[in-house]
Every structure is written in C-alpha cells, then in structure tokens.
Amino acid sequence: MVMTTETAHRLHQKFPKKHNHYALRDFFQFNGDYGTITDWNDTRNVLTSEDFIIGLLEGLQEEVGDASAAIMYTVGLEWGKHDSLIFEAWFEREFAMSPRRANLMFLLETWWWPFISQGWGRWEVDMSDRKQGFMFINVFDSAVARTLGDVGKPVCHLYAGLFAGFFTEMVRKQLSCIEIQCYSMGETYCKFLLGSRERIDAASFWMNEGANARDIEKRLRAGEGGQ
C-alpha cells in the first residue's frame, strides 16, 4: 500500500499507541482539499448510495442473468483474500503481534470492526461447531439486503464470497460459504454457513429442496453433509 500525505491518517503520528479509535472523526479522516476519506488503517473509502447498489446488482442481473450471483461471490472471494493480506499488515503494525498469536475472537472482531463503521452491518460469529469443521456467521443490517428489501431469496453473495476468501487465507485451508437465511427472505438477519466445499454443496442442495436455515443446522449437526 502506498501512503501519501493525503491518505496517511494524521492521528497515527499524534497518537502512535492509540487503539480506541472508535469515534467517527478518529476512525475516518476527511480531507476536503483532496476530496478523500481515509480510515485508521490508511485505506481509502468511497461513499456510495443505495441507488448505486441497486444499479450495480440489477445491471449485472440484466447482463448475465442468474450468473450474477456467482460473479458477486467471486468478487467477494477475491476481495476477502486481498483484505486478509491488508489486515495482517495493519494488525501486526498496530498490535505488534502476528494475527496467528492473537485470541481468535479478538482477531475476528478487530477484522470486522472497520466493516461495521463503513456500513456493512454488525456480525455475530457462532463457533460452537468449529471442531466439526463448520461455523455460522450472522450479519445484522446487511448493506445489500437492506437496500434490496424483501425479494424472497438470498442476495448477499458478496458477503458469502468475502467470508470464504478471508477465512481461506487466514486458516490456510480452502473454504466455501453460502447464505442460508437472508433479510431479503423476510428474516430479521442474514445467516451464513462457512465450511468445506462438500458441506456447502450439500447445504445448497438442501435449500433447493426447500430446507430452511434451521433444517440445515440440524442436518449438519447430525453428521450429514460430509466432512
């Protein structure tokens, strides 16, 4: 990452050991002279409207049809892989520690915090099934689902790809992800299943057969869906 005078966050020099950068004006640096918004991790941010999200998704749907879901997943996947590298760099810089030596929940909350502040929604990670090789992630107030509203099907393919890409890089193991419950299906929050490709394919099949998130959880915990 190249930092310039207009992108480097000035509070880094003023408060080099500061970690509680949770106020709006601490986390974001608004530079009116350059027209830029930089966050605490020296990442450039861009403001977009809900109309932009709708236009992007509807335009993609019009161009490629049902393949738009796979494209958004792939975009999220590459984003997640790339973001894991950026995250490792700023985590080590800020905490003087390798991410792999950090407490796992602290690590995950540290990774997702910038996404919350950027408007991607809060999350909740359920790791109770981690030893069985899968886990669930709940996202509240998804930017995509909130924008599209109740359309009767999962729409957060970008998030699913993002989780798959990030966790694949962090655990050095190929993982996949699928949204099994979505705000756009009339639910109160979005729910994602992260695990092996075999399990994700099984969950996708069950969903096509009419299973809901609770059915899928029950079947996975009963040992169905492979390893």
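First, some housekeeping. The model is predicted, so local features need pLDDT of at least 70 and side-chain atom pairs count only at pLDDT 80 or more, while totals for chains, interfaces and linings use all residues. Residues are numbered from 1 along each chain as its sequence is written, and side-chain values use heavy atoms, leaving out hydrogens and water.

Let's begin with the helices. Two packed helices are described by the angle between their axes and the distance between the axes. Helices here are DSSP runs of H or I with at least four residues, and strands are runs of E with at least two, numbered from the N terminus. Axes are lines fitted to C-alpha atoms, for helices over the stretch in contact, and angles run from 0 to 180 degrees between N-to-C directions.

Helix α4 (residues 67-95) packs on helix α5 (residues 104-117) at about 110°, with the axes 11 Å apart. That makes α4 roughly perpendicular to α5; the cut-offs are under 35 degrees for roughly parallel, over 145 for roughly antiparallel, 65 to 115 for roughly perpendicular, and oblique for the rest. In contact terms (heavy atoms within 4.5 Å), α4 brings Trp79, Asp83, Phe87, Trp90, Phe91 and Phe95 to meet Phe106, Leu107, Thr110, Trp111, Pro114 and Phe115 of α5. By class, that contact has ten nonpolar, one polar and one charged residues, where Ala, Val, Leu, Ile, Met, Phe, Trp, Tyr, Cys and Pro count as nonpolar, Asp, Glu, Lys and Arg as charged, and the others, Gly among them, as polar.

Now for the second pair. Helices α8 (residues 197-208) and α9 (residues 213-221) pack at about 135°, their axes 10 Å apart, and are therefore oblique to each other. Arg199, Ala203, Trp206 and Met207 of α8 meet Ile216, Arg219 and Leu220 of α9. This contact has five nonpolar, no polar and two charged residues.

Back to α4, where we find Met72. Beyond residues up to four places away in sequence, Met72 touches Leu57, Leu60, His157 and Leu158.
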